Amino acid sequence: MTTYCEYCNSHPEDTLNKTYHDTQYGFPLKDDNLLFERLILEINQAGLSWITILRKAENFRKAYHGFDIDKIAAYSKEDRARLLADAGIIRNRLKVNAAIENAKRIQVLREEFGSFKGWVDANRTLSKEEWIKLFKKTFVFTGGEIVNEFLLSTGYLAGAHDKDCPIYKRVASLRPAWINK
């Protein structure tokens with residue numbers, strides 16, 4: 001199986017994946033809305049290629065108000081209809097509903113943990129299998145691959161980059177959660 005690093009190195013024409021690999025993938029995130037964005041993008045990737053999501057990422061940001069958790073949690077029936085009619089994003093009812101429902105669930109988590117990041121940080125020592133169970137219990141539309149990619153892409157699980165990848169050292173220098181396990 002080819003790793004993401006190998007894919008990016010062997011496909012220099014794929015500048016969207018290369019840019020994402022070099023500047024975002026595996027880098028720790030501190031902002032709740034950015035963490036939520038990554039979760040929603042990973043949910044929307046289910047059954048599709050990542051390049052599809054990268055091509056539509058800016059459309060997602062606009063359609064979902066910059067992934068503002070509180071705005072999305074307050075979305076109305078009209079907002080759902082607007083999203084389902086937006087050809088610039090993935091128009092899947094289950095995925096749209098997951099974004100809204102998961103925003104509401106993050107609001108509840110913030111009451112106890114202060115932030116979405118606080119909740120994720122409080123559980124950072126979990127194994128991948130424990131993470132998957134926790135996400136399935138806490139959120140909707142979060143299967144094993146979605147959880148794995150969310151955790152890899154946000155620096156909570158090791159393995160986003162090969163150790164000989166130059167980006168590995170940049171990510172490690174930022175002290176992601178997996179480095180302190």
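Reader: Why are H9 and H10 called roughly perpendicular to each other?

Author: This is a predicted model, in which local features need pLDDT of at least 70 and side-chain atom pairs count only at pLDDT 80 or more, while totals for chains, interfaces and linings use all residues. Residues are numbered from 1 along each chain as its sequence is written, and side-chain values use heavy atoms, with hydrogens and water left out. The axes of helix H9 (residues 128–138) and helix H10 (residues 144–153) cross at roughly 115° and come within 9 Å. Angles under 35 degrees count as roughly parallel, over 145 as roughly antiparallel, 65 to 115 as roughly perpendicular and the rest as oblique, and H9 and H10 are therefore roughly perpendicular to each other. The axes are lines fitted to C-alpha atoms, for helices over the stretch in contact, with angles running from 0 to 180 degrees between N-to-C directions, and helices are DSSP runs (H or I, at least four residues) numbered from the N terminus.

Reader: What makes up the contact of H9 with H10, by class?

Author: With contact meaning heavy atoms within 4.5 Å, Lys128, Trp131, Ile132, Phe135 and Lys136 in H9 meet Gly144, Val147, Asn148, Phe150 and Leu151 in H10. By class there are 6 nonpolar, 2 polar and 2 charged residues, where Ala, Val, Leu, Ile, Met, Phe, Trp, Tyr, Cys and Pro count as nonpolar, Asp, Glu, Lys and Arg as charged, and the others, Gly among them, as polar.

Reader: Why are H6 and H7 called oblique to each other?

Author: Helix H6 (residues 77–84) and helix H7 (residues 93–113) pack at an angle of about 140°, with their axes 10 Å apart, and H6 and H7 are therefore oblique to each other. On the side of H6 the contact is made by Arg80, Leu83 and Leu84, and on the side of H7 by Arg93, Val96, Asn97, Ile100 and Lys104; by class, this contact has 4 nonpolar, 1 polar and 3 charged residues.

Reader: Why are H3 and H4 described as oblique to each other?

Author: The axes of H3 and H4 cross at roughly 135° and come within 10 Å, and H3 and H4 are therefore oblique to each other. In this contact, Glu37, Leu41, Glu42, Asn44 and Gln45 in H3 meet Trp50, Ile53, Phe60 and Arg61 in H4, and by class the contact has 4 nonpolar, 2 polar and 3 charged residues.

Reader: What makes Tyr64 count as buried?

Author: Buried means under 20% relative accessible area, exposed over 50%, and partly exposed in between (1.4 Å probe, protein chains only); at 0% relative accessibility, Tyr64 therefore counts as buried. Tyr64 lies in the loop between helix H4 (50–63) and helix H5 (69–73), and, leaving aside its neighbours within four places in sequence, Tyr64 is in contact with Ile72, Tyr75, Leu83, Ile89, Val96 and Ala99.

Reader: How do you know that the side chains of Lys117 and Tyr156 make a polar contact?

Author: The value for this pair of side chains is 3.3 Å, to be set against a definition that asks for a pair of N or O atoms within 3.5 Å; within protein, one must be able to donate a hydrogen and the other to accept it, and residues adjacent in sequence count only if both atoms are side-chain atoms. Lys117 itself is placed in helix H8 (residues 116–122).

Conventions: Helices (H or I, at least four residues) and strands (E, at least two) are DSSP runs, numbered from the N terminus.
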